[in-house]
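Colleague: Please show me the model, and let us then go through it by question and answer.
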Amino acid sequence: MPLDVLIVDDSAAIRKILQRVLRQAEVGVREVYEASDGLEALEALKKHKVHLVLADVNMPNMNGMQLLAHLKSTAEWQQLPVIMVTTEGSQSKVMEAVQLGAAGYIRKPFSAEQIKDKVSSLF
Amino acid sequence: MDQELIVRAVAAATQEVFSTMLAAEARQQAPYAERIPNVSDGVVAFIGLAGPWTGAGMLSCSPTLACRLASQLLMADYSEAEGVSEEVLDAVAEIANMVIGNVKNLLEEELGPMGMSIPTVIFGRNFTTRSVAQGEWIVTPFDCAGERLEVRLCLAPCREAAPVRHGFHSADYVAL
């Protein structure tokens, strides 16, 4: 299945790296959309139907946990897999993400293999 | 605050970021402490830390190294001759975010949970840095293929543990 993915991170550098990793991972990525915070992500999701979201945690305006909670409480996006990609590595943050319904939690710095393996495991 | 604990955490975090994201080596040099951050030129990224312990982390390097790190992180050519672009500053900010974020993760095991601000990055010459934070800055220098990278951390116990706030609220300023 061709995958359309939304990358949500306030760092343009990380968005660029994740886009490259996804395209080189041979996991069937078709379109990659970008947003720099949770609010932009919601706008992007209204315009584009995607199969996967990769989201940072620490972002301005609406952070990744708030975005995750919003998506999981909205019928339209409840089943949309969200992988958190973040420097926040504390057990409490991981547990919070899992309880909110995250499909995965990848800590920065990450390797291309970690991203590829996690995405492959979901599709 | 155990300075060795900070240096170990900074070394582990920096070397992990360099090996995983930059395919490069950062060789740790002898650490030292200073009352006032001795940084007046180049590219500097700041991140505030808050919780039962509060303070800031700082990553600084020359424009040459900043361009090289950005090139390695983004797999593109950022030449110093073309100037330090926004992409270069963004790359340095993200490297600082990963380094200080992982230092925070390691220190939280000993010091309790801390919140972290979004990075602020500065590029310039002949600026003055001051801090009203209590305590010393622990400086851990690294040799990166002949260029110097410095990671500074200043942490002091918070008199009254404040709730974690998001956004930059470090007790530091830079006069340009």
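Colleague: How many residues of chain A are in contact with how many residues of chain B?
Modeller: This is a predicted model, in which local features need pLDDT of at least 70 and side-chain atom pairs count only at pLDDT 80 or more, while totals for chains, interfaces and linings use all residues. Residues are numbered from 1 along each chain as its sequence is written, and chains are lettered from A and ligands numbered from 1 in the order in which they are written. Two residues are in contact if their C-beta atoms, placed from the backbone, lie within 7 Å. By that rule, the contact involves 18 residues of chain A and 20 residues of chain B.

Colleague: Which helix gives the most to the side of chain A that touches chain B?
Modeller: Helices (H or I, at least four residues) and strands (E, at least two) are DSSP runs, numbered from the N terminus. With 6 residues, the one that gives the most to this side of chain A is helix α1 (residues 12–24).

Colleague: In what order do the 5 strands of the open sheet in chain A stand?
Modeller: Two strands pair if DSSP finds at least two bridges between them. The edge strands, each pairing on one side only, are β2 (29–35) and β5 (104–107) of chain A. The pairing in chain A is parallel, and the order is β2-β1-β3-β4-β5.

Colleague: What angle does the direction of helix α5 of chain A make with that of β5(A)?
Modeller: Axes are lines fitted to C-alpha atoms, for helices over the stretch in contact, and angles run from 0 to 180 degrees between N-to-C directions. Helix α5 (residues 112–122) of chain A packs on the sheet and touches β3, β4 and β5 of chain A. Its direction and that of β5(A) make an angle of about 175°.

Colleague: Which residues does the cis peptide bond join?
Modeller: Most peptide bonds are trans. Here omega is about 0° for a bond whose second residue, A:P109, is found in the loop between β5 and α5 of chain A. The cis bond joins A:K108 and A:P109.

Colleague: Is A:E26 buried or exposed?
Modeller: A:E26 lies in the loop between α1 and β2 of chain A, and its phi is near 55°, a positive value in a residue other than glycine. A residue is buried if 20 or more other C-beta atoms lie within 10 Å of its own, exposed if 12 or fewer, and partly exposed in between, with C-beta atoms placed from the backbone. Because A:E26 has 9 C-beta neighbours inside 10 Å, it counts as exposed.
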